[in-house]
Amino acid sequence: MEMLDALVVGAGPTGLTMAAELARHGLRCRIVDSLEAPSRLSRALVVQSRTVELFDDFDMAGKLLERGEAMGGYNVIGAGGRRARIPMRPFPWLETRYPIPHMVPQDATEAVLTEHLASFGLSVEWAVTFEGFREDAGGMELTLKHQDGTEESVRARWLLGCDGARSRVRKAADIPFEGETYDYTCILADVRVDWPLGPGELFIIPSRHGVVAAFPMPGENRYRLVLNMPRDGKDETEPPTLEQIQALVERMIPVPTRLSDPLWMTRYRQHRLGVPYYRKGRVFLAGDAAHIHSPAGGQGLNTGIQDAYNLAWKLALVTRGRAPESLLDTYDLERHRVGQKLLEGTDRRFALISSGGLVVRMLRAHVMPRAARWLFKTSFMERKLLRFVSELFIHYRHSPLSTESISGEDAGGVRISDGPAPGERVPDLPLLGAGVERLHEVLRGPHHTLLLFAGLVPAGKTPAALESLARQLEASYGPELLRVRVVATGARSGPYTLADATGAVHRRFGAGAACLYLVRPDGYVGHRARPIQVKSLATELAARMGPPRQAPASVELQVAG
């Protein structure tokens, strides 16, 4: 029986990302889902800035964004129609090409990911149910059931549960799913909304009866409405009718509102649940299989996609024998912390806008617009909100993969400690090189990237020496594992050199003197060092990616910092 590298269970955004990333890294996998076809009943809608950056890494950002609509702003609508508005602007301090959240229906996101998956010769196997597994020293024996009732045994090294809140993988692995259920009913509807509030923006509308959130969708006056209300004892398994939702919004929205043309409607309970660990032996969980929560902030789909993005490159290095299996423990260490903060953050936001008795809800409807207008006059609160929702500031600073070796003096009036620290996302900044205009274009692909900074005022032959080193290092590992580029001030660029014409990138990275940044395949700083010492660099690279095919010739080269 042929051994797969991995079986991915679940073909939502998380599973599709996982399978495509594994294939992009050269692993053999299958992806199965118990549904007969992709579901139209998808709740996720908001695609945050960091997620769009991931699609840019897949070279699919344009296809994703053309299916959605940029969010123009956040609004709080209170009693009497009082309004507080926070405009969405392309703030330069976000350091990204994609500073604005986009409203992209989940089925459209899945369609783009399915196309991406097909580029690797893979497709989802629908109507195939995961039944269970048996783990042994050589791998796993997995049981799948097909629609006609026949069972299939599959051998695989890894099992990846991306199969949502009712995850069969999680249950088969006996991983707890702990938390609480909110004492609220949620109604969700994709409808046309005719009202005087205007299109293209998100609206939060607190009232004495509960809270309405309206998310803009592609199409004229299309919105996704989410109504959170105290439980009323009605059957929560029965889908609501358009007439029932119309009656509710007339009570909850303080401006004339008419609903029509529903695409779909549903009623459900909201939960705050998470697993205590993301890995158990050869089993890994990602996305809703590991954490579910209130939709406050629009984080769920984004977090699941980033779970997959974090794990796939690690699985590839371990499976290909280039890294020890202990590397996989960093998936739980890095992403479980993110998941916990997500649960805590969304819980606080849910409590802020939804919880409390009748008196609290009445006060909220009167006070929230005034409070929001006052709070968001300050850049501090604006930054705090955007730092949370954009997911650009998620970091792994406490990970064992985040290391540095710094000695020597700062130079050029900048401090390397002010650059992106190990474990932080690499900012996207203008740089000119062979076929690239921005730093993230250099990072695009499944490889590690080594950036060798010549320094703001490079000494003597430093740029030429670094270019020679870059050529040797990339040849020694191969560009599929390691890309090496020199960042030099001035206008000169070349196959291995990026031009930092104004020195702005050097200053952002604290590279007054020659230094290096090693960037992980997922776009986070893994290691930084000053000065550049080839012997210690070679040791660092071998520890992260295994031995090179051949050692660099100039192992004695040192570039003073």
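The structure is a predicted model. Its chain has 561 residues, of which 58% are buried. The secondary structure comprises 14 helices and 29 strands.

Helix packing is a friendly place to begin. Two packed helices are described by the angle between their axes and the distance between the axes. For helix 1 (residues 13-24) and helix 7 (residues 300-319), the axes come within 8 Å and cross at roughly 25°. Angles under 35 degrees count as roughly parallel, and helix 1 and helix 7 are therefore roughly parallel to each other. Their crossing is right-handed. On the side of helix 1, the contact is made by Pro13, Thr14, Thr17, Met18, Glu21, Leu22 and Arg24. These meet Leu301, Gly304, Ile305, Ala308, Tyr309, Leu311, Ala312 and Leu315 of helix 7. Sorted by class, the residues of this contact are ten nonpolar, three polar and two charged.

A second pair is found further along the chain. Helix 12 (residues 462-477) and helix 14 (residues 534-545) have axes that come within 13 Å and cross at roughly 30°. With an angle under 35 degrees again, helix 12 and helix 14 are therefore roughly parallel to each other. The crossing of helix 12 and helix 14 is right-handed. Helix 12 contributes Leu469, Leu473 and Tyr477 to the contact, while helix 14 contributes Val534, Leu537, Leu541, Ala542 and Met545. In this contact, eight residues are nonpolar, with no polar and no charged residues.

Charged residues are the next topic. Side chains of opposite charge can pair when their charged atoms come close. In the model, 40 salt bridges are present. One of them joins Glu53 and Arg425, with the closest N and O atoms 2.7 Å apart. This pair links distant parts of the chain, 372 residues apart: Glu53 belongs to helix 2 (residues 49-57), and Arg425 to the loop between strand 20 (403-406) and strand 21 (430-433). Both Glu53 and Arg425 are buried.

Another salt bridge is formed by Glu201 and Arg83, where the closest N and O atoms are 3.7 Å apart. Here too distant parts of the chain are linked, as 118 residues separate Glu201, in the loop between strand 12 (178-194) and strand 13 (202-207), from Arg83 in strand 6 (residues 83-87). Are these two residues buried or partly exposed? Glu201 has a relative accessible area of 10%, so Glu201 is buried. Arg83 has a relative accessible area of 31% and is therefore partly exposed.

Arg520 and Asp522 also form a salt bridge, with 2.8 Å between the closest N and O atoms. Arg520 and Asp522 are both buried. Salt bridges can also be followed through several residues: Glu2, Asp5, Arg28 and Arg157 are linked in a network.

Thr109 is located in helix 4 (residues 106-118). Its relative accessibility is 1%, so Thr109 counts as buried. Leaving out residues up to four places away in sequence, Thr109 touches Val47, Phe55, Leu64 and Val104.

Tyr184 lies in strand 12. Tyr184 counts as buried because its relative accessibility is 10%. Although Tyr184 and Arg269 are 85 residues apart in sequence, 6.6 Å separates their C-alpha atoms in space.

Arg485 sits in strand 24 (residues 482-489). What is the burial state of this charged residue? Its relative accessible area is 16%, so Arg485 is buried. The C-alpha atoms of Arg485 and Leu452 are separated by 6.2 Å, with the two residues 33 residues apart along the chain. Apart from its neighbours within four places in sequence, Arg485 is in contact with Val442, Leu450, Leu451, Leu452, Glu474, Pro495, Tyr496 and Leu498.

How values were computed
Residues numbered from 1 in each chain as written. Predicted model: local features only at pLDDT ≥ 70, side-chain atom pairs only at ≥ 80, totals over all residues. Heavy atoms only, no water. Axes fitted to C-alpha atoms, helices over the stretch in contact; angles between N-to-C directions. Helix = DSSP H or I, 4+ residues; strand = E, 2+ residues; numbered from the N terminus. Parallel < 35°, antiparallel > 145°, perpendicular 65-115°, else oblique. Left-handed = near helix turned anticlockwise from the far one by under 90°. Contact = heavy atoms within 4.5 Å. Nonpolar A, V, L, I, M, F, W, Y, C, P; charged D, E, K, R; others polar. Salt bridge = Lys/Arg side-chain N within 4 Å of Asp/Glu carboxyl O. Buried < 20%, exposed > 50% of the residue type's maximum accessible area, 1.4 Å probe, protein only.
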